[in-house]
Amino acid sequence: MKITLPDGCEIRVDGQSGSFEVSLSLVQDNAETDIHVIRLVLQAPAPAVPPVLSMKWSRAAVDVQGLWHPSVERSRALIPDWWQGFASRAASSAPVISLYGNRGNNVLTFACSDVLHPVELHAGLHEETSCFHCSVTLCAEPRPPVDHLEVVLRLDTRSCPYYEALRGVGEWWAGLPGCEPSPVPEAAREPMYSTWYSFHQQLEPEAVEAECALAAAMGCQTVIVDDGWQTSDETRGYAYCGDWRVSAEKIPDLKAHVASIHNLGMKFMLWYAVPFIGKHSEAWASFRDKLLYVSDAMGAGVVDPRYPEVREYLTGIYEQAVRDWDLDGFKLDFIDSFYAVKDSPPGKVDGQDTVSVPEAVDRLLSGIISRLRSLKPDILIEFRQNYIGPLMRKYGNMFRAGDCPNDALQNRMKTIDIRLICGSTPAHADMLMWNPQETSAAAALQFINVLFSVPQISVRLDRLPQEHAAMLAFWLSFWREHREVLLDGRLEPLLPELLYPLVIARTAQQWVIAAYQDMVIPLTGDLPDRVQVVNGTLLTRLVLELDRDSGPLDIKVRDCQGTVTSEYKMNWNSGVYALEVPPAGVITLQPVHGRGHE
């Protein structure tokens, strides 16, 4: 079975179809001539388990610099065709690959409509022909019997920036039935304070409330109380997860604690490790025979959501927590730990209602969110990388970067990777922390590297050196002032193979540009009312290049604490200019004819 696209590319289907009749067709309803939509349909006379099938094609390796996938991490290297591909399922990553060129141009971006079940994508270089062998493999894990199955493959070969191609994929997914993104509460777009790096499991209500008072004064709108509230054990394992009762030794009255936070004008979110039933929990006796697998290292098992009673137990916990403590949201952790292993029980036995773990997870999350929203329509739900795919947008309204404490570059890479496909769902940084012995400029780089995401702060504010507190207050105020362009502007993360050393966000009125390496920063096109150029380095100058005469400009330079270090006017013509700026400082450029609000 194969079809040939208008550009000559041949798509074929490999695999044994069994009782299914297989058809492949090109959908001709897309106005973009370089976007091809291919539909694979399986039809059987009676319900049967769908077979393992692959859609395969080749693409010449011409002008290809790197490969992007949501979980590719730091290596954007091209891979040979004999390497393993990239897996995705509802709760892990997303089914998309982008091959891009030396100018950040899209060469081939392909995505699959099956965002629920396990899918494997591959784009490996065939050494003998210097062509990429690409494939999308479906139904590699057991699925419930069906008599009809449709999957769509989207190929984008437009000559456009890679980030535009990926943005198009995100919009396409959001329009698929059952993938409608969750509404985003305003609080999900505001800075937050997290207790994880600052307190870890040593939670003290009075200390947390004091920190929140300081955080609220700086502009944080929500606190996330992390691991530790549910146990007196502080060994950092999960052996005591599963009952989710408050440790009275740490927090004698959680409802009063939440009320105290509310009195500060902040919302209160609570952490839960959703899948874990610890060996030392009371719940272990009830669910030890309803586990997908056990991790001795964690001291816990992962419950099997294919059992309706498991889903009801977990959903009831969160529902009761909102009723009892007046919570505003949940940090639902480790959703990506829900998967079957070789020794997991087979599906549809002993009370299970589906063979598919991904489908069971979808039912679990659907039940949790619908019941929580019936209590609080604007409930906050944080999901963490790598469960940041299109189906997860249906439930989560905050996608946080995976843990990378004190690693500013990793945090930048992770937040930008999320933003490339998350649409209007806010990308949140991993919690910011740094050593108090750092210079204030070096500490500021932790914030500047996540400028295009929602910041979460997790340092002890009461112990910060004064210059660090001033720095943090400035950058939080800067972020809040420019939030609309930072989160909603056209995002241009350049040079992905170098982990985004230059990132630009634009609206018609304003640009924000952050440079994280010593490089020439292009100011291309007519300047808007205001341009903010952020020094994401510890160097003392930035190099800007204008492609046309700008006329007179007002220039203001501030250091990492917001102190103005210089103000002057310049009449710029096209060319290259080196401007002095303090480490981790910012330059504001305003055309004299179009002064914006300061």
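1. Glutamate 309 and lysine 290 form a salt bridge, with 3.8 Å between the closest N and O atoms (a salt bridge is a side-chain nitrogen of Lys or Arg within 4 Å of a carboxyl oxygen of Asp or Glu). The pair links distant parts of the chain, 19 residues apart: glutamate 309 is in helix H6, and lysine 290 is in the loop between helix H5 (283-287) and strand E18 (291-295). Helices (H or I, at least four residues) and strands (E, at least two) are DSSP runs, numbered from the N terminus. Glutamate 309 counts as partly exposed at 35% relative accessibility, and lysine 290 counts as partly exposed at 21%. Buried means under 20% relative accessible area, exposed over 50%, partly exposed in between (1.4 Å probe, protein chains only).

2. On the source: this is a predicted model, in which local features need pLDDT of at least 70 and side-chain atom pairs count only at pLDDT 80 or more, while totals for chains, interfaces and linings use all residues. Residues are numbered from 1 along each chain as its sequence is written, and side-chain values use heavy atoms, with hydrogens and water left out.

3. Arginine 311 is also of interest. This residue is found in helix H6 (residues 308-325) and is buried, with a relative accessible area of 11%. A polar atom of its side chain lies 2.8 Å from the backbone oxygen of proline 305. Not counting residues up to four places away in sequence, arginine 311 touches Pro305, Arg306, Asp353, Ala360, Arg363 and Leu364 (contact means heavy atoms within 4.5 Å).

4. The sheet is open, with eight strands in the order E23-E22-E21-E20-E16-E15-E14-E24 and parallel pairing. Strands E23 (427-428) and E24 (456-457) stand at the edges with a single partner strand each, so one side of each has no neighbour in the sheet. Two strands pair if DSSP finds at least two bridges between them; E15 (residues 222-225) and E16 (residues 267-273) are joined by four.

5. Lysine 376 forms salt bridges with aspartate 326, at 2.8 Å between the closest N and O atoms, and with aspartate 328, at 3.2 Å. Aspartate 328 is in the loop between H6 and E20 and lysine 376 in the loop between H7 and E21, 48 residues apart. Both aspartate 328 and lysine 376 are buried, whereas aspartate 326 counts as partly exposed at 35% relative accessibility.

6. The structure holds 42 salt bridges.

Notes: Polar contact = N/O pair within 3.5 Å; in protein donor to acceptor, adjacent residues only side chain to side chain.
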